[in-house]
Amino acid sequence: IVVLPPASMYANLKCGNLDGYCVGEPWNSLAIHDGAGWAVTTTAQLAPRHPEKVLMTRRAFAGSRHEEHIALIAALIEACAWCDVPENRSDLADLLAHPRYLNSPADRLRTSLCGPFDLGHGRTAVLPEFTVFHRDDANLPSRPRAAWIINHLLRLVPDENRSLQTATARVFRADLYEEALKLTSPSPAAEPSNPEPVTLSIP
């Protein structure tokens with residue numbers, strides 16, 4: 001098992017340096033589109049609505065540049081709301097295709113953003129929950145989401161049980177999110193999809 005930057009995974013698979021990889025889009029679709037690989041499954045199927053990306057800053061930055069920090073969070077909230085509108089997804093693919101961002105063909109980006117998702121070998125899947133940017137408070141740094149991440153980290157580093165549990169409240173700052181939310185303007189976010197409840201254990 002080796003660690004590589006996501007953008008390097010497809011090239012390494014294609015030239016035979018990797019047998020497979022676990023990564024987010026569009027690096028799966030690149031391999032599938034070129035016939036170099038196929039998707040076994042997706043995390044949307046394995047763990048629906050699981051937390052994934054986070055915005056993390058140093059405590060010193062959050063303290064000394066508080067207004068900038070809150071403005072950054074507010075900007076991300078508004079951007080995520082825009083990205084979650086289905087009618088915006090095609091434009092989002094065009095934007096992300098730009099060389100300064102993902103530098104990938106827009107049609108391959110649309111596979112995961114607009115669907116249906118191509119898993120390879122002639123298999124496709126309609127996955128409405130493949131990428132959830134905003135709806136149903138997707139970005140709220142809540143205790144259950146913190147618990148989900150912590151519980152999975154503990155499987156890897158069980159000796160860190162106590163330190164990880166005590167870090168949860170200090171790291172997942174719902175108060176900062178709520179403060180930033182007050183700066184955002186109303187946006188045409190998608191309607192909530194009323195997902196099935198997920199049971200999480202809280203340390």
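Pro 116 is found in the loop between α7 and β1 (117-120), where helices (H or I, at least four residues) and strands (E, at least two) are DSSP runs, numbered from the N terminus. A cis peptide bond joins Gly 115 to this proline, Pro 116, with omega at about -10 degrees. The structure is a predicted model, in which local features need pLDDT of at least 70 and side-chain atom pairs count only at pLDDT 80 or more, while totals for chains, interfaces and linings use all residues. Residues are numbered from 1 along each chain as its sequence is written, and side-chain values use heavy atoms, with hydrogens and water left out.

**Overall architecture**

- The protein contains 10 helices and two strands.
- Read from the N terminus, the order of the elements is α-α-α-α-α-α-α-β-β-α-α-α.
- Of the 203 residues in the protein, 31% are buried; buried means under 20% relative accessible area, exposed means over 50%, and partly exposed lies in between (1.4 Å probe, protein chains only).
- Among contacts (heavy atoms within 4.5 Å) with a separation of 6 or more, 59% link residues 24 or more positions apart.
- The protein exposes about 13300 Å², and carbon and sulfur atoms supply 57% of this area. Accessible areas come from the Shrake-Rupley method with a 1.4 Å probe; for residues, only the protein chains shown count as cover.

**The largest nonpolar core**

- In soluble globular proteins, nonpolar side chains tend to be buried together.
- A nonpolar core is a set of buried Ala, Val, Leu, Ile, Met, Phe, Trp, Tyr and Cys residues joined through side-chain atoms within 4.5 Å.
- The largest such core has nine residues: Cys 80, Cys 83, Leu 92, Ala 93, Ala 97, Ala 106, Leu 109, Leu 113 and Phe 133.
- At least two residues of this core come from each of α5 (66-83), α6 (89-96) and α7 (106-113). The largest share, three residues, is supplied by α7.
- Leu 109, a member of the core, touches Pro 26, Ala 93, Leu 96, Ala 97, Leu 102 and Ser 104, when residues up to four places away in sequence are not counted.
- Asp 107 also lies in helix α7, but this residue is partly exposed, with a relative accessible area of 46%.
- The C-alpha atoms of Asp 107 and Ala 97 are separated by 8.9 Å, and the two residues are 10 residues apart along the chain.

- In α1, the residues Met 9, Tyr 10, Asn 12 and Leu 13 are buried.
- These buried residues of α1 pack against α2.
- An α-helix has 3.6 residues a turn, so residues three or four places apart point the same way.
- Gly 16 follows α1 and has a positive phi, near 90 degrees.
- Pro 26 is located in the loop between α1 (6-14) and α2 (27-33). A cis peptide bond joins Glu 25 and Pro 26, with omega of about 10 degrees.

**Positive phi outside glycine**

- Asn 103, in the loop between α6 and α7, has a phi near 55 degrees, a positive value in a residue other than glycine. Asn 103 is exposed, at a relative accessible area of 53%.
- Asp 136 lies in the loop between β2 (123-125) and α8 (143-156). Although Asp 136 is not a glycine, its phi is positive, at about 55 degrees. With 25% relative accessibility, Asp 136 counts as partly exposed.

**Cysteines**

- A search of the whole structure finds zero disulfides, a disulfide being a pair of cysteine sulfur atoms within 2.5 Å.
- The closest cysteine sulfur to that of Cys 80 belongs to Cys 83, and it is 6.2 Å away, too far for a bond.
- Cys 80 is buried, with a relative accessible area of 15%, whereas Cys 22 counts as exposed at 73% relative accessibility.

**A nonpolar patch on the surface**

- Val 54, Met 56 and Val 171 form a nonpolar patch on the surface, with about 310 Å² of accessible area together.
- Patches are made of residues with over 30% relative accessible area and no salt bridge: like charges are joined within 9 Å, and nonpolar side chains (Val, Leu, Ile, Met, Phe, Trp, Tyr) within 5 Å. A salt bridge is a side-chain nitrogen of Lys or Arg within 4 Å of a carboxyl oxygen of Asp or Glu.
- Val 54 sits in the loop between α3 (43-46) and α4 (59-64), and Val 54 counts as exposed because its relative accessibility is 54%.
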